[in-house]
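Have a look at the fold below before reading on. We'll go from the overall layout to the core, then to one helix and the end of the chain.

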Amino acid sequence: MCVAHPDGSIEARIVPNLQRPAMTHALRVEDNSRAGETCVPPRLEASVKRKPAWFAVGGLAVVAMVTVIFWFNPAQYRFYPFCFFYQLTGLQCPGCGGLRAIHQLLHGHVLAALHLNALLVILLPLFAWLGIRFAAKKLSPPPGARPFSTKWLWLFLALAAVFAVLRNLPAFAWLAP
Ligand SMILES: [Zn+2]
């Protein structure tokens with residue numbers, strides 16, 4: 001601020017009085033930029049926040065499918081997808097009888113479920129554990145950890161191949177639905 005004296009001199013309070021508002025302005029700009037960073041998160045943070053929503057949708061879809069399989073026996077209702085492999089070849093694939101097995105399992109008929117698809121029923125707890133582990137690691141991944149080990153996939157494929165061969169052999173017909 002300029003202070004003019006009656007003798008015409010100007011007091012040297014101009015610099016400190018001008019600097020103060022300038023510094024305040026600079027601080028305000030800095031504060032605004034920080035506020036902007038917190039209000040508008042980067043794209044990466046947004047994708048992490050969207051993950052729980054996708055897992056919730058996936059969980060609801062699984063619950064809906066299980067409910068339909070529980071109330072509508074796949075052995076009686078024809079709106080379920082049919083097996084292309086069985087339609088083409090007449091041979092049982094590793095998944096044949098899977099939906100019927102889940103229906104029997106949901107109603108507490110474990111032996112009937114085992115007869116329809118023993119591989120699925122035996123591996124179901126493993127699938128559930130792998131699914132929960134996969135979801136947990138995706139939601140909060142530990143640093144440097146891979147979300148899913150391929151050894152499980154190869155083990156499952158090998159088991160499914162052996163199961164598919166066996167259930168189509170007359171000696172192991174009890175493995176076919
Ligand atoms: Zn099949």
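Helices here are DSSP runs of H or I with at least four residues, and strands are E runs of at least two, both numbered from the N terminus. Counted that way, this predicted model has seven helices and zero strands. Reading from the N terminus, the order is simply α-α-α-α-α-α-α. Of its 177 residues, 13% count as buried. As for how the chain folds back on itself, take the contacts between residues at least 6 apart in sequence: 45% of them join residues at least 24 apart.

**The core**

Which residues make up the largest nonpolar core? There are 11 of them: Ile-69, Leu-99, Ala-101, Ile-102, Leu-105, Ala-113, Leu-116, Leu-119, Leu-120, Val-121 and Phe-163. Two or more residues each come from helix 4 (98-106), helix 5 (110-116) and helix 6 (118-139). Helix 4 is the top contributor, giving four. In soluble globular proteins, nonpolar side chains do tend to be buried together.

Beyond its neighbours within four places in sequence, Ile-69 contacts Pro-74, Leu-99, Ile-102, His-103 and Leu-106.

**Helix 6**

The buried residues of helix 6 are Leu-119, Leu-120 and Val-121, and these three also sit in the core list. Their cover includes helix 4, helix 5 and helix 7.

Where does helix 6 bend? The bend is at Leu-124, by about 45°, and a proline, Pro-125, follows within four residues. What about its length?

**The end of the chain**

Pro-177 lies in the segment after helix 7 (150-167). Is Pro-177 buried, exposed or partly exposed? Being buried takes 20 or more C-beta neighbours and being exposed 12 or fewer, so Pro-177, with 14 inside 10 Å, counts as partly exposed. Leaving out residues up to four places away in sequence, Pro-177 touches Cys-96, Gly-97, Arg-100, Leu-116 and Asn-117. One of these, Leu-116, belongs to the core.

| Residue | Contacts |
|---|---|
| Ile-69 | Pro-74, Leu-99, Ile-102, His-103, Leu-106 |
| Pro-177 | Cys-96, Gly-97, Arg-100, Leu-116, Asn-117 |

Key:
Residues numbered from 1 in each chain as written. Predicted model: local features only at pLDDT ≥ 70, side-chain atom pairs only at ≥ 80, totals over all residues. Core = buried A, V, L, I, M, F, W, Y, C linked by C-beta atoms within 7 Å. Contact = placed C-beta atoms within 7 Å. Bend = angle between axes of the 7 residues up to and from the residue.
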